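Got your viewer open and ready to click along? Let's go from one selection to the next.

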Amino acid sequence: MTVALMLERYREKLESLSGNTVALVHGRKFVKVIIDNGTQRTVHSFVEKVTGNLYKPAGWNAPAKGVRYNVVKDWALLESIMDQYGSYLYQDMVKTATLPR
């Protein structure tokens, strides 16, 4: 699977979880994932274009340090732990995340 295809799957999954519009804004190095509920827009995450590495946002314009997941390699895990709030992007969640049995 390519990073572009997995980004689209990631966007669709977030839309189904949140019930809101999810936009992908392409920058030079990262794709910013924005959730829009009609009155407020928030950055949910950043995805590195070339590698597919997923980052928690540090703010509106930049990702936090440290790769959380990879949207291509870790898709099965992401699909099972994703939520609309981004709690799965916190470091302690990353360390303990496992696939359900």
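Start by selecting F46, which counts as buried because its relative accessibility is 3%; buried means under 20% relative accessible area, exposed over 50% and partly exposed in between, with a 1.4 Å probe and protein chains only. Before going on, know that this is a predicted model, where local features need pLDDT of at least 70, side-chain atom pairs count only at pLDDT 80 or more, and totals for chains, interfaces and linings use all residues. Residues are numbered from 1 along each chain as its sequence is written, and side-chain values use heavy atoms, leaving out hydrogens and water.

Rings of Phe, Tyr and Trp (its six-membered ring) pair if their centres lie within 6.5 Å; planes under 30 degrees apart are stacked, over 60 edge-to-face, and the rest tilted.

Strands here are DSSP runs of E, at least two residues, and helices are runs of H or I, at least four, numbered from the N terminus.

Next, pick Y55. F30 and Y55 also pair edge-to-face, at 5.5 Å centre to centre and 90° between the planes. Y55 lies in strand β4 (residues 53–55), 25 residues from F30. Both F30 and Y55 are buried. Show F30, F46 and Y55 together: ring pairs link them into a cluster.

Last stop: G27, in the loop between β1 (21–26) and β2. G27 counts as partly exposed because its relative accessibility is 32%.
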